[in-house]
Amino acid sequence: MMTKHIYVHIPFCDSICFYCDFFRSVSNETIKKQWLSQITKEIQAKSFSKISTLYFGGGTPSCLSVEAFEQLATLFAPYLTQDYEWTIEVNPDSVTKEKLQIYKKWGVNRISMGVQTFHDVLLKKIGRKHTSSQVYQAIDLCHEVGIKNVSLDLIYALPGETLADLKADLDAFLNCKVDHISIYSLQIEANSVFGKQHLQPCDSDLEADMYECIEKTLTAAGYTHYEISSYAKNNRFSKHNCSYWDDSDFMGIGCGASGREKGIRYDIDANLQAYCQNGPKLHWVPTNAREQAFEAIMMALRTCFGLDIKAWNKKYQRNFLANYAPVLEKYTNELVYKENRVFCTPHGFEILNSILVDFLDEN
Ligand code: SF4
């Protein structure tokens, strides 16, 4: 199979953050060993030709031992293309200089770091185990070992967070001199600790003010708002994530991963015990051509590059402009149609969910 983009799920964390409902577990070494042996078999059973983007996500990939990381790295490294991107997600408290040196040695060239906030009090409130000074140290270490492409993840609208707190977080981010940030508002997921505590969401006016503050601060500092939740400088867009947004297939590997083959998505069963014993169990998510066409629009409108209308018409045998004229007319301030592409304005990003409901109605 011609594989260009691969996502590998590492389902372990050292502790559980209060807002998180991702598939992850705090596991002992025995389970980790069984998992490593099973995922090794899973990877060996695949045939790769060229890998242009490889993403180790989780969970917390940096909580894997150096030996475990190297065991996986040997299976992928020979297939990387010349201009590949290889990202690994890390937490500031589980990444060490030794680990970063090993990542670099094997060819990792992008680090995505879970920071969430630079306020130590807020970090505690959301169940993170690191401090802001560990974040600064971890970024310095990345630069020291020669990994220059670093992205930070931040969350806003945290419990009790004020606009002034957010501004301080953005200033702290700008001081870190990294080229990429993904920033999300806190979502209270039913299955998270916060969901179970029935935490009340942030006031919607405050959240809107925060969004505006982020947009103004980061664009004024020279970052491009290239995806609904991501900003980048120096063209350091996440190549791997762009593959999700531009309607490409990608291979998912490991318990709890998702992938897409010939336009059809699949999820790998997230039962760790069963995975260790029996290997991956794929659940295909059946979609018809119309649903796939809508999904392509939904993903493309997340980015400032938008949707290539000619390519979409050809791939899905439809006429985008004829089909969705009422939506384009309704959102003249939010959707731009230019040179064969349609994309969101910053305000369009803010209300993208409502826009997509209208696309769905016309689908
Ligand atoms: S947010 Fe990340 S580090 Fe925290 S529990 Fe979830 S997957 Fe683990």
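A residue is called buried when its relative accessible area is under 20%, exposed when it is over 50%, and partly exposed in between, using a 1.4 Å probe and protein chains only. By that criterion Trp35 is buried, with a relative accessible area of 0%. The model is predicted, so local features need pLDDT of at least 70 and side-chain atom pairs count only at pLDDT 80 or more, whereas totals for chains, interfaces and linings use all residues. Residues are numbered from 1 along each chain as its sequence is written, and side-chain values use heavy atoms, with hydrogens and water left out. Helices (H or I, at least four residues) and strands (E, at least two) are DSSP runs, numbered from the N terminus.

- Trp35 has its place in helix H1, and, leaving aside residues up to four places away in sequence, it touches His9, Ile10, Pro11, Phe12, Leu64, Leu72, Leu272, Tyr275 and Cys276, where contact means heavy atoms within 4.5 Å.
- Between Trp35 and Thr60 there are 25 residues in sequence and 14 Å in space, C-alpha to C-alpha.
- The axes of helix H1 (residues 29-44) and helix H2 (residues 66-76) come within 10 Å and cross at roughly 5 degrees; axes are lines fitted to C-alpha atoms, for helices over the stretch in contact, and angles run from 0 to 180 degrees between N-to-C directions.
- H1 and H2 are therefore roughly parallel to each other, given that angles under 35 degrees count as roughly parallel, over 145 as roughly antiparallel, 65 to 115 as roughly perpendicular and the rest as oblique.
- On the H1 side the contact is made by Trp35, Leu36, Ile39, Thr40, Ile43 and Gln44, and on the H2 side by Ala68, Gln71, Leu72, Leu75 and Phe76.
- Sorted by class, this contact of H1 with H2 has eight nonpolar, three polar and no charged residues; Ala, Val, Leu, Ile, Met, Phe, Trp, Tyr, Cys and Pro count as nonpolar, Asp, Glu, Lys and Arg as charged, and the others, Gly among them, as polar.

- Seven of the seven residues of strand S5 (residues 150-156) are buried, so the strand is largely enclosed by the rest of the structure.
- Val150, Leu152, Leu154 and Tyr156 point one way from S5, while Ser151, Asp153 and Ile155 point the other way.
- Strand S4 (residues 110-116) runs parallel to S5 and is joined to it by five bridges, with Val150 as the bridge partner of Ile111; two strands pair if DSSP finds at least two bridges between them.
- S5 also pairs in the parallel sense with strand S6 (residues 180-185) over six bridges, and Ile181 is the bridge partner of Leu152.

**Asn91 in a loop**

- Asn91 lies in the loop between strand S3 (80-90) and helix H3 (97-106), and is buried with a relative accessible area of 15%.
- Not counting residues up to four places away in sequence, Asn91 touches Thr60, Ser62, Gly114 and Arg128.

- An open sheet of three strands has the order S13-S15-S14 with antiparallel pairing, and its edge strands, S13 (307-308) and S14 (335-338), each pair on one side only.
- Helix H13 (residues 320-330) packs on the sheet, touching S13, S14 and S15, and its direction makes about 145 degrees with that of S14.
- Helix H12 (residues 309-316) and H13 pack at an angle of about 115 degrees, with their axes 10 Å apart, through Ile309, Trp312 and Asn313 of H12 and Phe320, Leu321 and Tyr324 of H13.
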